[in-house]
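Take a look at it before the talk begins.

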Amino acid sequence: RQELRLAAVDLGATSGRVMAAVVGRDRLELTEVHRFPNAAVQVGDELVWDVVGIHREVLAGLRKVAATGPVHGIGIDSWAVDYGLLDGDGRLLGNAVSHRDRRTAGIPARVYATVPAPEIYAVTGLQELPFNTVFQLVAATGSAALESARTLLLLPDLLGYWLTGEVGAERTNASTTGLYDASTREWAVGLVERLGLPSTILPPLRSPGEIIGRVRPALAAELDLREDVPVIAVASHDTASAVVGVPAGSDSFAYISSGTWSLVGVELDKPVLSEAARRADFTNEGGLDGTVRFLKNVTGLWVLSECVRSWSATGEYADLPGLLDAAAGEPALRTVVDIDDVRLLAPTTADDPMPERVLALAEEAGEPTPASAPALVRCILDSLALAYRRHLRTALELSGRSVDVVHVVGGGSQNALLCQLTADACGLPVIAGPSEAAAVGNALVQARALGADLPDLAAMRALLRRTSDLGRFEPRPGLDWPAAERRVPLT
Ligand code: ADP
Ligand code: LRH
């Protein structure tokens, strides 16, 4: 075929989108046909995702793509670690719990009493995030849902199952669970069993590029799709798809996938499972074609978006671009905090608003109190850039790599102030964009699976560079980042 027309579904923690992509020899065009807000919902004592609502929005988006012409493939990626459980009849058992739910507090320490942390890291190579799937499952031990579960499906796999009826676990996303062996790229069955978890609920693994199945005929008819449209396993962890969508021209690049979370790292051929990597709490997640995403998970723009949500609820500020303009005029590095503090993890509430939490961290650190919303926004962005600087340095030290550019992709690549601060803090040029890198990576992997001449990551990225408009930010001298780094008390 000359050109492939694809539906790329990219689900972020704050918004989901369905893009109509056209991929040809010198063509890579993505058009957003459907976007919807996403947020976890407190139901009783649980913070859960409305997965059925997300499924409905995916269907609405697919219908819109179908209305633009023939669809040759469908791919779904989403945020990592969260899952649904199916019973023996293949029905969903309850709601999918959000990784921001408080149930995992204190769980890692309990797990390490059974299997010491170094032994776990040697197998999984994962950063200790309290919400890794393994910790969520340990927290759920004894619950009626887990007791009756036959199959665990990560969210993109669950949505793919609802489209096709086929179960499986795509490897890049499986690699974020803590149930997966980073070296063998298979489920870590021995570890799972030592932790007292049921390994039988883990479905067969599949790699990006494999066909999951065809859209169920009745659903295809309802969506005005051809009957035999394949649903393709893309790099279904959104960050893995976003790294595919990094428009790098050589191997010496670092990336920041900047969205609700920021993922800061490098692409490697092999995992780094050293004791130094464990101590630095770095993660080895799976990328396309067996690559390793050696990275640090940083709190990201979540804190900013939750502040904006809190201010708009009280009618103070709702306009992000206006706030960012005002923040650019605030003094640099006046107040910095540890943006990775766990107290910033949970959603903002009327009783515990996000802006107050950031102010409390500043006060605790003896930093000047930001006196206005723009000053608080500046504090968040300066603190993020400082975290990027520190984690990028560690990524390079631990991997032995050197880089000459930092690619910033995802929604945060549209934040010019943050991109400039990132260039300044890291002392490297920043190339910004694409802002929908995950959807781009999703479409490129589908295109290859359907026969496009994109043999490897280099070819995919070359096509991306030929077809994208990118921003560039040069590092500016003048600010004392090392001194600011020393002011941040790390948790
Ligand atoms: P996710 O996929 O995790 O939901 P995105 O990649 O969509 O996240 O990024 C969302 C973030 O991007 C927002 O929280 C916001 O800070 C930032 N963003 C989106 N649009 C803009 C914009 N026009 N200017 C500056 N920042 C933006
Ligand atoms: C980014 C992301 C990140 C995970 C987090 C749960 O959207 O997938 O890579 O750590 O969400």
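Q: How are residues sorted by class?
A: Ala, Val, Leu, Ile, Met, Phe, Trp, Tyr, Cys and Pro count as nonpolar; Asp, Glu, Lys and Arg count as charged; the others, Gly among them, count as polar. The model here is predicted: local features need pLDDT of at least 70, side-chain atom pairs count only at pLDDT 80 or more, and totals for chains, interfaces and linings use all residues. Residues are numbered from 1 along each chain as its sequence is written, while chains are lettered from A and ligands numbered from 1 in the order in which they are written.

Q: Which residues surround ligand 2, and how do they divide by class?
A: A residue is near a molecule if its C-beta atom, placed from the backbone, lies within 6 Å of it. Ligand 2 is surrounded by 14 residues, and the closest are Trp-79, Ala-80, Asp-238, Thr-239 and Trp-261. Its shell holds six nonpolar, seven polar and one charged.

Q: What surrounds ligand 1?
A: 17 residues do, the closest being Gly-12, Gly-259, Thr-260, Gly-411 and Gln-414. Six are nonpolar, eleven are polar and none is charged.

Q: Which helix gives the most to the shell around ligand 1?
A: Helices (H or I, at least four residues) and strands (E, at least two) are DSSP runs, numbered from the N terminus. Helix 13 gives the most, with three residues. Helix 12 (302-313) and helix 13 (320-328) each supply at least two.

Q: Is helix 6 enclosed or open, and why?
A: A residue is buried if 20 or more other C-beta atoms lie within 10 Å of its own, exposed if 12 or fewer, and partly exposed in between; C-beta atoms are placed from the backbone. Nine of the ten residues of helix 6 (residues 155-164) are buried, so helix 6 is largely enclosed by the rest of the structure. Among them are Leu-155, Asp-157 and Tyr-161. Gly-165 follows helix 6, with a positive phi near 85°.

Q: What is a nonpolar core?
A: It is a set of buried Ala, Val, Leu, Ile, Met, Phe, Trp, Tyr and Cys residues joined through C-beta atoms within 7 Å. The largest one has 159 residues; Ala-7, Ile-380, Tyr-388 and Ala-443 have the most contacts inside it. Helix 15 (residues 373-399) gives the most to this core, with twelve residues.

Q: In what order do the three strands of the open sheet lie?
A: Two strands pair if DSSP finds at least two bridges between them. The order is 4-5-8, with antiparallel pairing. Strand 4 (41-43) and strand 8 (96-97) are the edge strands, each pairing on one side only.
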